[in-house]
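This briefing is meant for someone looking at this structure for the first time. Please look over the sequence and the model before reading on.

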Amino acid sequence: MGKRTAEETSRIMSRIRGKDTAIERALRGELRRRGLHYRKNVHTLPGCPDVVFAQYKVAVFCDGEFWHGRDWARRKEDFRSNKAFWVAKIERNRARDRRVNATLRMQGWRVLRFWESDIHRDVAAVGAKVEAALVEALLARWRRCAPRGVGEWPGQEGGAGSSWGAGGAGWRIGVGWGRGGCVGVAMGYGDAKKS
């Protein structure tokens, strides 16, 4: 195969998607199977995260190895043509990723970034990491709002619960609310149908 013309390269590059990529669709499908509700491509947040759990302030990015520079120290030597352009382009992307992460974290967001090959290899493991981050975020939120001396279980004045997980199994969360706001949380992992 001969060298591509500039027009062929331009046509190929113009077809690369910026959102709704195969890895994003695969991860979102896994999150739906787990019963997790999210928003996608939220333009009001820095970096326009691919998946957002606004209630828990968790932002998820699905990064392609080429565009975001995985193994960059080794791979930046692989370019055979237009090396200066591509090295500068991907280094700008990496710097932007670091700025976006820092900005979101300063705003109180938890940022999760997953490589394309990791999503392709085991999307269920990536989904489990996202789910674990949501549980951590819920617990952190509860710790901030719980009054001193309140135990781990919902208060007597009322409670609200939610559960998520594939096929009825998954994390079950119950939050108790009283006149003073959040008064406790109960959580567990198991079959929601049995409880």
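What share of the contacts in the protein chain with a separation of 6 or more is accounted for by residues 24 or more positions apart? In this predicted model, that share comes to 49%.

**Overall make-up**

- The protein chain contains seven helices and seven strands, and read from the N terminus these elements follow the order α-α-β-β-β-α-α-α-β-α-α-β-β-β.
- The protein chain has 195 residues, of which 36% count as buried.

**Backbone angles at two loop residues**

- As background, most residues other than glycine have a negative phi.
- Cys48, which is not a glycine, has a positive phi near 50 degrees, and this residue sits in the loop between β1 (39-40) and β2 (51-53).
- Lys57 is likewise not a glycine and has a positive phi, here of about 55 degrees, and its place is in the loop between β2 and β3 (58-63).

**Accessibility of these two residues**

Conventions
Residues are numbered from 1 along each chain as its sequence is written. This is a predicted model: local features need pLDDT of at least 70, side-chain atom pairs count only at pLDDT 80 or more; totals for chains, interfaces and linings use all residues. Side-chain values use heavy atoms; hydrogens and water are left out. Helices (H or I, at least four residues) and strands (E, at least two) are DSSP runs, numbered from the N terminus. Buried means under 20% relative accessible area, exposed over 50%, partly exposed in between (1.4 Å probe, protein chains only). Contact means heavy atoms within 4.5 Å.
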